[in-house]
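Here is a short briefing to read alongside the chain you have on your screen. Take a look at the sequence and the fold, then follow the points below.

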Amino acid sequence: QVQLVESGGGLVQAGDSLRLSCAASRRTFSDRSMGWFRQAPGKEREFVASISGNGGNTYYADSVKGRFTISRDNAKNTVYLQMNSLKPEDTAVYYCAAKFDYSGNYYYTGVRLYELWGQGTQVTVSS
């Protein structure tokens with residue numbers, strides 16, 4: 001059973017940075033498009049960023065564009081989310097997710113498209 005394990009969350013102040021990691025327990029990782037999502041209390045889970053299997057294509061929600069960067073290291077079966085200039089409204093549980101994509105070229109933004117999810121990591125940004 002493939003698993004995704006997030007790490008790197010924590011409590012920071014506004015303007016600080018954090019880097020989230022998501023490690024996949026799978027020998028073949030490059031055939032998975034990866035995404036980061038977040039869910040704040042009382043709100044629906046929302047898309048944050050996604051990256052194609054080959055790492056060549058990325059996409060971001062408008063709310064994080066220019067502040068967050070998604071990347072991946074297929075040799076380490078790990079995807080990252082570098083979060084800079086954090087704001088209190090970024091406070092949420094952050095989840096990574098995987099979707100099979102044989103081509104390795106596409107990213108996906110829809111929550112329901114992803115087949116596998118991690119357990120989430122809490123990010124809290126104080127003002």
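**A guided look at the fold**

Tyr 95 is buried, with a relative accessible area of 13%, so it falls under the 20% limit for that label. Please keep in mind that this is a predicted model.

**Tyr 95 and its surroundings**

- Tyr 95 and Glu 6 are 89 residues apart in sequence, yet their C-alpha atoms are 7.2 Å apart in space.
- Beyond its neighbours within four places in sequence, Tyr 95 is in contact with residues including Glu 6, Trp 36, Phe 37, Gln 39 and Arg 45.
- Its contacts, with those sequence neighbours again left aside, also include Trp 117, Gly 118, Gln 119 and Gly 120.

**The disulfide**

- The count comes to 1 disulfide, formed by Cys 22 and Cys 96 with their sulfur atoms 1.9 Å apart.
- This pair links distant parts of the chain: Cys 22 sits in strand β3 (residues 18-24) and Cys 96 in strand β9 (residues 92-100), 74 residues apart.
- The torsion about the S-S bond of Cys 22 and Cys 96 is about 50°, so the disulfide is right-handed.
- Are these two cysteines buried or exposed? Both Cys 22 and Cys 96 are buried.

**The largest nonpolar core**

- The largest nonpolar core has 32 residues, and the members that touch the most others are Trp 36, Leu 81, Met 83 and Tyr 94.
- At least two residues of this core come from each of β3, β4 (32-39), β5 (46-51), β7 (68-73), β8 (78-83), β9 and β11 (121-126).
- Which strand gives the largest share of this core? That is β9, with 5 residues.
- Leaving out neighbours within four places in sequence, Tyr 94 is in contact with a set of residues that includes Leu 20, Trp 36, Val 48, Phe 68, Leu 81, Met 83 and Val 123.

- The covered face of β11 carries Thr 121, Val 123 and Val 125, while its uncovered face carries Gln 122, Thr 124 and Ser 126.
- Strand β2 (residues 10-13) runs parallel to β11 and is joined to it by 4 bridges; Gln 13 has Ser 126 as its bridge partner in β11.
- β9 pairs with β11 in the antiparallel sense over 3 bridges, and Ala 92 stands opposite Val 123 of β11.

**The open sheet**

- An open sheet is formed by 4 strands in the order β1-β3-β8-β7, with antiparallel pairing.
- Its edge strands are β1 (4-7) and β7, each pairing on one side only.
- From one strand to the next, the twist averages 15°.
- β7 and β8 pair in the antiparallel sense over 6 bridges, with Ser 71 opposite Tyr 80 in β8.

**Asp 31 in its loop**

- Asp 31 lies in the loop between β3 and β4.
- Asp 31 counts as buried because its relative accessibility is 11%, and buried means under 20%.
- The side chains of Asp 31 and Arg 32 are joined by a polar contact of 3.3 Å.
- With neighbours within four places in sequence left aside, Asp 31 is in contact with Arg 26, Lys 99, Phe 100, Asp 101 and Tyr 102.

Notes: Residues numbered from 1 in each chain as written. Predicted model: local features only at pLDDT ≥ 70, side-chain atom pairs only at ≥ 80, totals over all residues. Heavy atoms only, no water. Disulfide = S-S within 2.5 Å. Buried < 20%, exposed > 50% of the residue type's maximum accessible area, 1.4 Å probe, protein only. Core = buried A, V, L, I, M, F, W, Y, C linked by side-chain atoms within 4.5 Å. Contact = heavy atoms within 4.5 Å. Polar contact = N/O pair within 3.5 Å; in protein donor to acceptor, adjacent residues only side chain to side chain. Pairing = 2+ DSSP bridges. Axes fitted to C-alpha atoms, helices over the stretch in contact; angles between N-to-C directions.
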